[in-house]
Amino acid sequence: MNRETRRIFRRLSSDTSAILGFALLIFFVIVAILAPFIASPPPGRDPYIMPIVTWSSNPLPPSPEHPFGVAGKRDIFYGVVWGTRTAFRVGIIVTLISTALGLLIGSVAGYFGKLWDEILMRITDIFMAIPFLVAAMVLTTILGTGLDKVMVAMTVFSWMGPARLIRGNILQVKEEQFVLAAKALGVSDFSIIIRHVLPNTIFPVLIQASMRMGSLVITAAALSFLGVGAPQGYADWGALLNYARNWMLGGQGEALKYWYMTVFPGVAMVLFVLAWNLVGDALRDAFDPRLRL
């Protein structure tokens with residue numbers, strides 16, 4: 001282990017927020033991996049579809065059989081556990097594809113500049129001017145209900161941040177001596193970008209990507225809550241909150257009677273987003289050259 005690696009580990013291990021963030025993230029990873037054992041799915045059925053456990057439309061409070069209660073005839077505990085897999089699936093896929101698309105567009109704009117930069121950045125500005133949640137909701141409605149449609153819609157409107165960030169970094173790096181030397185030696189532009197430019201500019205984009213994971217999951221949950229995301233009965237935190245829409249206020253004199261319908265999926269979302277934000281902050285602080293001792 002070299003000196004720089006030791007410095008990074010020392011900074012991470014001494015940061016309480018970093019330890020908390022990684023602990024929460026590891027917890028969610030374990031829950032996602034062990035979901036079939038924590039909440040066993042019915043045999044022969046899609047495990048991501050929450051099984052119907054009662055025919056009563058009224059919510060049922062937590063009990064030994066259903067520790068988080070029942071909402072929309074379905075077990076909340078099952079939905080929270082398998083919803084963890086849904087959250088990772090949405091967050092990772094959308095983040096990877098949108099970041100890759102942003103890197104491609106931003107790299108071309110920043111490295112080649114001039115007309116390429118003008119055209120691509122004006123397109124980026126147009127996309128950035130459209131409210132993200134509204135645009136994703138409209139496109140999801142057009143494409144149809146389904147988690148895959150949600151991911152397509154979110155990817156289409158979430159590549160602009162990485163594109164802007166990598167473009168700004170490349171504008172600073174492309175005039176460095178090692179890039180100019182590579183050009184003078186006749187190295188192709190593609191090789192310069194892949195071997196010299198991106199390795200020196202990509203890390204801030206990766207940090208931003210880790211911090212975007214949580215917000216993308218929240219957006220997917222919001223679409224499911226509005227009824228245009230995950231299909232009926234799908235194990236998704238937003239879909240669980242959708243079942244609670246008509247019960248959130250309770251009844252006369254019993255405002256908190258159905259607290260479990262929102263608390264358990266809501267806490268899961270908050271902790272998931274908090275984990276990624278803390279991890280992103282910790283990595284940024286650990287790798288920021290301005291903070292090096």
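How accessible is lysine 149, and does that count as buried, partly exposed or exposed? At 26% relative accessibility, lysine 149 is partly exposed, where buried means under 20% relative accessible area, exposed over 50% and partly exposed in between (1.4 Å probe, protein chains only).

The views below show a predicted model, in which local features need pLDDT of at least 70 and side-chain atom pairs count only at pLDDT 80 or more, while totals for chains, interfaces and linings use all residues. Residues are numbered from 1 along each chain as its sequence is written, and side-chain values use heavy atoms, with hydrogens and water left out.

**View 1. The whole chain.** The chain has 13 helices and two strands; helices (H or I, at least four residues) and strands (E, at least two) are DSSP runs, numbered from the N terminus. Its C-alpha atoms fill a box of roughly 75 × 45 × 40 Å along the principal axes. Of the 293 residues, 43% are buried. The accessible surface of the chain is about 15100 Å², and carbon and sulfur atoms hold 67% of that area; accessible areas come from the Shrake-Rupley method with a 1.4 Å probe, and for residues only the protein chains shown count as cover. Among contacts with a separation of 6 or more, 74% are between residues 24 or more positions apart, a contact being heavy atoms within 4.5 Å.

**View 2. Lysine 149 and aspartate 148.** A salt bridge joins lysine 149 to aspartate 148, with 3.4 Å between the closest N and O atoms. The term requires a side-chain nitrogen of Lys or Arg within 4 Å of a carboxyl oxygen of Asp or Glu. By this rule the count comes to five salt bridges. Aspartate 148 is partly exposed, at 40% relative accessible area.

View 3. Aspartate 125 meets arginine 122 at 2.8 Å, N to O. These two residues are three apart in helix H5 (residues 114-128), so about one helical turn separates them. Aspartate 125 also forms a salt bridge with arginine 164, at 2.2 Å, N to O. This second pair links distant parts of the chain, with arginine 164 in helix H8 (residues 160-173) and aspartate 125 in helix H5, 39 residues apart. Relative accessible areas are 28% for aspartate 125, 35% for arginine 122 and 29% for arginine 164.

**View 4. Serine 98 in helix H4.** Serine 98 lies in helix H4 (residues 76-112) and is buried, with a relative accessible area of 0%. A polar atom of its side chain lies 2.6 Å from the backbone oxygen of valine 94. The side chain of serine 98 also reaches the backbone oxygen of threonine 95, at 3.3 Å. Leaving aside residues up to four places away in sequence, serine 98 touches Thr155, Ser158, Trp159, Pro162 and Arg212.

**View 5. A nonpolar surface patch.** Ile26, Val29, Ile30, Ile33, Leu34, Phe37 and Ile38 form this patch, with about 660 Å² of accessible area together. Helix H2 (16-33) and helix H3 (35-38) are the elements that give two or more residues to the patch, and H2 gives the most, with four. Patches are made of residues with over 30% relative accessible area and no salt bridge; like charges are joined within 9 Å, and nonpolar side chains (Val, Leu, Ile, Met, Phe, Trp, Tyr) within 5 Å. Phenylalanine 37 lies in helix H3 and is exposed, at 69% relative accessible area.

Methods
Polar contact = N/O pair within 3.5 Å; in protein donor to acceptor, adjacent residues only side chain to side chain.
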